[in-house]
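Let's walk through this structure together, one meeting of chains at a time. Keep the 3D view open as you read.

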Amino acid sequence: MAQNIPADLKYTKSHEWVRVEGDVVVIGITDHAQDSLGDIVYLDLPEAGRVLAKEDTFGEVESVKAVSELYSPVSGEVVEANTGIQDSTEVVNTDPYEGGWLIKVRLSDPSEVEALLSAEEYGAVADAEGH
Amino acid sequence: MSKDTREPLIFDVSRPGRVAANLLPKCDVPYQSPSELLGAESLREKLPLPEVSELDVVRHFTHLSQRNYSIDAGFYPLGSCTMKYNPKINEKTAGLPGFAALHPLQPQETVQGALELIYELQKMLAEICGMKATTLQPSAGAHGELLAMMMVQAYHAERGDTQRNIVVIPDSAHGTNPASAARCGFKVKGIPSNEKGCTDLAGLEKALEGGNVAALMLTNPNTVGLFESDIQQICQMVHDAGGLVYCDGANMNAMLGLTRPGDMGFDVMHFNLHKTFSTPHGGGGPGCGAVSVQANLEPYLPVPTVEKEGDTFRWKFDNSKSVGKVHSFYGAFLIAVRAYTYILSLGKEGLRSASENALINANYIRARLADYYDVAYNAPICMHEVVFSANRQKREGDVRAMDISKRLMDYGFHPPTNYFPLIVPEALMIEPTETESKQTIDSFIEAMIAIAKETQENPEIVRTAPHTTLVSRLDETMAVKNLDLRYAPLFEE
Amino acid sequence: MAYISNTNEDRAEMLSAMGFTSFDALLAPLPPAIRYQGELNIPTALDEGGVLRRLQQLAAKNVDLESHLCFLGAGIYDHFRPVVVGMLAVRGEFATAYTPYQPEVSQGTLQAIYEYQTLICGLTNMDISNASMYDGATGLAEAALMATSILNRGDIVVSGAVNPLYRQVIQTYANVTGYRVVEVPTAEGVTDTERLSEIVNSQTACVVFQQPNFFGNLEDVETLTETAHKAGALAISAVDPISLGLLKPPGDYGVDIVLGEGQSLGNAMGFGGPLLGFFACNKRFVRSFPGRIVGATQDSQGRRGYTMTLRTREQDIRREKATSNICTNQALLALCATIYLCELGKTGLRHVADLSLQKAHYAFQQLCAIEGVKPLFPNAKFFKEFALSLPVSPSELNTSLLQSKIVGGLDLGAYYPEFAGSSLFCVTETKTKAGIDALVSATEGVVKGGKA
């Protein structure tokens, strides 16, 4: 099954994507992740101001039958969470890379972004999991 | 013929002023006003309960019962659930007034028969698993696990081994294992299974490093239906590292009279009396998660324990090392009566025969379906259950394990367990139990083969199953997003 | 034997289909060293008549409360069980069904649980109820742990007038989690609210009380709830469901979590088990709530149906991060409670509560007329249980009462040393005036005879 993996984003093995917008990054979960989870029914997101280290848990995403922790791909301070979609969580399924973004983080170490997976590398990770 | 198959809620049947029957006597003592006795401010106004006749009640609940699958009506090949026949005599004995109409706080001299039964059953269970002592207090398997972890913690605490804060659990374990360990404040360390579906000894070795492991929780036979052949070495490794070994007894039905967890080296285990010892599941409970221990853990058993002195039985409440109490009283006594009845009915030879037949039935299914479904880990012999993967069906017809399960309903069977254990993709876990006949099992096998063919020829019929049940697939997303957990009109003014 | 369906011929055919000639081949995975070679020390099989005789013989060694009058309460109650409850619940379609994980073939159990949840919400006036828990004591422990995790606070404040057996269970659960259980003293048979307001602080996760309390007395539930809330803590109340036929429901006084023992709702006393823990709470805690929950939804053709929901809180999905390790509910006992509440209905449950109230007060007044028998808490209002200070030893009184086929009250000294010499009596609607008079005259006989 073809997966939508935009080439201009960075990725993690735990299925988060990262888009760089200056010194802030936008973070969400990938199309592959939303597809494996199924209908998403609940999002637990952090409050703005929380300071995250790379790989910290910053929230949870739940479908009817699965729950998955969200890991921060980078270190920094949460500047905004997409709380507007908590009542319409299906946006994460339908539009994971735009409307379904989860948090914005002000980078404390921009070099961390470089170490993340490219679209091609992530595609291999997603393939290896089988779908 | 089109027929509305819904059963209305009892609240829809209710009519103001309707009553069921002459259930209660008139007041035969001088009447005093409740508001004087209790204070008007303490009294309620509304009491939103239904008003129905007894015939309404009988019809409604009879109709509801007809909307259930049950062992009495058909075959339940549910892996890890041991849905064996629940003998009717068990219900008869549990209903005897000398058991059912006992108050738990009656003077001990008035409940000697009950204490004797508890004492006897505890001894029998200890004998069956090769351990020293048993408690019947836990209400379910998960409750037994929790109690066991409490005892493990108390054991290490008494030795000053308070740094032991890790419980090691294979990735194939029931979810209750990590949940129960976490409930006791333990950190859970998972270990992967090896390519044979069994505990990976190197992984275990690594997990045991550091001297912080309090216990290993292990299911044997494991959740893939395979016997952990290295079990003695596993127990030895954990003991050498100063930890204890817990046996999740969910799969005890494979071992009665054939092998005993106590002899393998386990320190503590739980039984599910509602699986192995035939007490009914009741649509989700009640159960009994009896726990047996070796001598090293006996001091920590919950109170009260029952003791025999001459011909007299008595409760012993004072035990300074006990972890305390985990039940209001002594556990699910009437479930214990059923299990005791079952053991007397089977006898030692019947127990062994039950496990032998459970193994034969499971291996027969394994052998006959192996050409149609992928056997997980492809071991030549399974124990009392067999795990298949629907990977092939997913690949060939985009049919998932869940679809196959739902389609089985159209053939008149309850589905097997799906998506467990987690380490098997598209798992179909089948446990036939000993009480099913070859004829029943053959027709189940035929249904499974037919579905495998449908997957190739007409996968849509499988993907959209069931087609013959009272309701089709339910919208579980809607159930979570628009929570409707009680009948709202009852609460509207 | 063993309820096995297969014949020797069936077994031989099956083994041969697998390519084996004997059963022993299937034991190959078992290392010889741990194959059990002996014979279990368990009796040989009995025939059905023999089993029945053995069980009847054991049952006959007990004093059952169908042949004796029971004035014991303290958490388990001898309320009337309408015949229809047992007759319907024994149906194999309910009793031998599995947990309703497959909703298409479990609508009966699921709808019954939905109705149960509705009835519990109605009784307690709370927003949500789970599908039930093990028993009242573990329900209370789960409620306290839920409060600690919601508020991230470590102190569980419990009234000394909460059932002492329940308090032991809370203590057991708290011991392993490192939480502190703080007991609030009682005064005149109720929770000392002044002491409570000194005890609660910013570490208090919850204030736990019982209504009516262990002594049968009515608590000042408004003040208790308010005191908890002022400290930012949750108010948790254990309640007697029968009392809710008359008493104000906990939702009316703002309690956050309500639980209790549901045995008296149509279930056998059964020597204390299995029991039925009911559990309800405010809807804002829906995600931290332990236990199974059933919700209404639609099937793929738009028909109403029921399914277990909010499943991601549970252990099989969330594993060590689950809200609780519980994966059982007491479905069959919850079914009995559902049938019981429907059968009795609005007027019946009020009647049960009122009759219990009336008879308990009659018994109280008659017993207090005996010289030397005094109310232990003269200023308290009580529902169906009351404590009396006796001029004779409670346990010896109970021994004498047995000769009149009466099981007397609970010796309070066993749980409260300061109340040694007192008994806790319970009188439900199942006791006739004649039965109560028999208790009174037998007690009077013992007191006057000075036997004890």
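**Where the chains meet**

Chain C and chain A bury about 600 Å² between them, and carbon and sulfur atoms carry 49% of it; buried area here is the accessible area (1.4 Å probe) that two parts lose on being put together, summed over both. On the side of chain C, R287(C), T312(C) and R318(C) lose the most area to chain A, together 64% of what that side buries. Before going on, please note that this is a predicted model, in which local features need pLDDT of at least 70, side-chain atom pairs count only at pLDDT 80 or more, and totals for chains, interfaces and linings use all residues. Residues are numbered from 1 along each chain as its sequence is written, chains are lettered from A and ligands numbered from 1 in the order in which they are written, and side-chain values use heavy atoms, with hydrogens and water left out.

Six residues from chain C and nine residues from chain A make this contact (heavy atoms within 4.5 Å). The interface holds one salt bridge, meaning a side-chain nitrogen of Lys or Arg within 4 Å of a carboxyl oxygen of Asp or Glu. You can find it between R287(C) and E62(A), whose closest N and O atoms are 2.5 Å apart. By class, the side of chain C that touches chain A has one nonpolar, one polar and four charged residues (Asp, Glu, Lys and Arg count as charged; Ala, Val, Leu, Ile, Met, Phe, Trp, Tyr, Cys and Pro as nonpolar; the others, Gly among them, as polar).

Now turn to chain B. Here 186 residues of chain C are in contact with 197 residues of chain B, and the area buried between the two chains is about 16600 Å², with 65% from carbon and sulfur atoms. Y3(C), E104(C) and F271(C) supply 6% of the area that chain C buries against chain B, more than any other three residues. Eight salt bridges cross this interface. One of them joins E13(C) to K438(B), with the closest N and O atoms 3.2 Å apart. On the side of chain C that touches chain B, 99 residues are nonpolar, 54 polar and 33 charged.

Helices are DSSP runs (H or I, at least four residues), as are strands (E, at least two), numbered from the N terminus. Among the elements of chain B that the buried residues of α14(B) pack against are α13 (391-397) and α15 (438-457). Just after α14(B), G412(B) takes a positive phi of about 90°.
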